[in-house]
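Work through the exercises below with the sequence and the coordinates at hand. Each task is followed by a solution in steps.

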Amino acid sequence: KEMELQTEEEKSANSNLLPKVTAELTGVNIDKNSADSSMGSVRERTVNGSIGLTQVIYSADANVNIDIQKKISEVKKDEIEQKKMDLVTEGVITYLNGLKAKANLKIQQEILSANRENLIIAQSRVTTGSINPADLYRWESETATAETNVKKAEAVIKQVKERLKKLALIKDEDEFEIEEVQNIYEFSQLFNEDIKKMIESGKSEELEKIFSEYAMKNSIELKMQKKDYEIRKINLDYAKRSSYLPTIALQANYKRKIYEGGAGESTLGDILGPALGMTFDTINTDNSWNIGIGFSIDLYNGGEKRNKIEKSKISVSKSIEERTDAENEIKEAVKNEVTNVIVEYNNIKNMGKAVEALKKNHKLVSDAYLKGMINMSDLLSSRNALVYAEQGEVVAKYDFMISVIKLERYSGNFNGITF
C-alpha cells in the first residue's frame, strides 16, 4: 500500500507540468428597467460560456518535486526490500533456534530414557537390599526433573513453529517438521571455499575486510542513506538557484455569449440614428479570446530564501554524518559477527572433541555403577559433564550459523540461502 500511495504521489508531481483546462458557464438576470437604461450594453438575460487553458512551460518547483518524488519512490522500493531481508533474517534465525531446541530435546529425551532405566535398576536393587533407598529417591527425582525438561524443550519447539507461522513462512505447524542441517555451511552459498579456509584458520582481519567491502557496496541501509542524501542535495541545489529561476506558463482563454434576451435590446445607435439620419454599425461582442505567456520570479521574500539555503546546507551535512555513522555501525557489527563466527567454529571443534571423550568416559562410569563399583553421585557427575558438552556443541553449531546469517544480512547479499 505504501508503494501504491507513493506511485500516486509521483503521478501528482508529474501532473503539475500537464495542461490544465477549465470551463465556465455564467447566467445573469437583471431587472427590466436596468436593462432598458443600459442602451443595449446589458440585456435582461444573458448566458456566457468560457474555456481556459493553462500550460506550465517551466517551473523549478514542479521539476524539483518530480525529481524528489522519483527518489522517494526508489527509497520506498528499498524499504520494501529491507523488510523482505529482515523477514528472511528473522525467519532463518528462528528456524535455526528451532534446530537448536530440537537438538536439546533429543539430549533431554536421552537423559529421561537413561534415568528411567536407572530408576528400574534402583527399584530392583532396593528390593534385594544391595543399595540404600536414598538412591531410589534420587533417581525418582532425577526422572521427574528430566520429564519436566523434555516438556520445556517441546514447548520451545512449539513456540518456534508458531513464530514461523506468524512470519507466514509455514501454514500449518502440525504438518511442519524442522529438518536438520547436516553441514554448517550448506545453507549459505556466500561462504565459498576461500571464506571457509579463512574461518578455519582464524583470519579475522581478512574476513572483516571482505565482509565490510560487501556491506559498503550492497547494504540496503547504505543505499537508502545515499538516496536520502541525494534528496537533500536536490533541495539545496534548488534553494541556491531559486533566486533566478522563473516560472513560465502559457495561458489562453476563449469566451462566447451563448444567449441573450429580454429588455435592453435597443442601443444608443438605434435611438439616435433615425433622428440624425445616420446608421451605426454594431460591434460584435459575442465572441472574444486572448492568449499570453506569464513570467514570474521571486525577487525578495524577507530573507526566506537565504534561510532555506542555510537549512538545506545543515540538512546535507547531517545526512553525510548519518551515513558515516551508519557505515561505522555496520563495520562494527561485521567485526563482531566475524569474531563470533571464528569463536563458534572453534567451539564446535573443541566441544565435539570433548563430547567424544566424555561419551567414552561416561560409558566406563556407567558400567562401573552397574557393577556397584562407584556411587550414584559419580555417575551423575559424569553424565552432567557429558550433557554440558553436548549442549555446548549444539549451541556453538547453531550460533555459528546465526552469525553467518547476520553477516550476510549486514553484507546486503542473501546469496541463495537454502535449506
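**Exercise 1. Salt bridges**

Task: How many salt bridges does the count come to, and which residue forms one with Lys 158?

Solution. The model is a predicted one. Take as the criterion a side-chain nitrogen of Lys or Arg within 4 Å of a carboxyl oxygen of Asp or Glu. With this cut-off the count comes to 17 salt bridges. For Lys 158, the partner is Glu 162, and their closest N and O atoms are 3.8 Å apart.

**Exercise 2. Helices α3 and α4**

Task: At what angle do α3 and α4 pack, and is their crossing left-handed or right-handed?

Solution. Start with the extents: α3 covers residues 60-128 and α4 covers residues 133-166. Their axes lie 8 Å apart, and the packing angle is about 160°. Angles over 145 degrees count as roughly antiparallel, so α3 is roughly antiparallel to α4. The crossing of these two helices is left-handed. Sorting the residues of the contact of α3 with α4 by class gives 18 nonpolar, 12 polar and 8 charged.

**Exercise 3. Helices α4 and α10**

Task: How are α4 and α10 oriented to each other, and which residues meet?

Solution. Helix α10 spans residues 376-411; its axis and that of α4 come within 11 Å and cross at roughly 25°. Angles under 35 degrees count as roughly parallel, and therefore α4 is roughly parallel to α10. On the α4 side, Asp 135, Arg 138, Trp 139 and Glu 142 take part. In α10 they meet Met 376, Leu 379, Leu 380 and Arg 383. By class, the residues of this contact are 4 nonpolar, no polar and 4 charged.

**Exercise 4. Helices α6 and α7**

Task: Within what distance do the axes of α6 and α7 come, and what residues make up the contact?

Solution. Helix α6 is residues 204-218 and helix α7 is residues 220-241. The axes come within 6 Å, with a crossing angle of roughly 40°. This angle makes α6 oblique to α7. From α6, the residues Ala 215, Met 216, Lys 217 and Asn 218 meet Ile 220, Leu 222 and Lys 223 of α7. Divided by class, the contact of α6 with α7 has 4 nonpolar, 1 polar and 2 charged residues.

**Exercise 5. The sheet**

Now take the pairs in turn:

- β1 and β2 (residues 45-59) run antiparallel and are joined by 10 bridges; Val 21 stands opposite Leu 53 in β2.
- β2 and β3 run antiparallel with 14 bridges between them; the bridge partner of Val 56 is Ala 249 in β3.
- β3 (residues 247-261) and β4 run antiparallel and share 10 bridges; Arg 256 has Asn 287 in β4 as its bridge partner.

As background, strands of a sheet pair through backbone hydrogen bonds, either parallel or antiparallel.

Note on methods: Residues numbered from 1 in each chain as written. Predicted model: local features only at pLDDT ≥ 70, side-chain atom pairs only at ≥ 80, totals over all residues. Heavy atoms only, no water. Axes fitted to C-alpha atoms, helices over the stretch in contact; angles between N-to-C directions. Helix = DSSP H or I, 4+ residues; strand = E, 2+ residues; numbered from the N terminus. Parallel < 35°, antiparallel > 145°, perpendicular 65-115°, else oblique. Left-handed = near helix turned anticlockwise from the far one by under 90°. Nonpolar A, V, L, I, M, F, W, Y, C, P; charged D, E, K, R; others polar. Pairing = 2+ DSSP bridges. Contact = heavy atoms within 4.5 Å.
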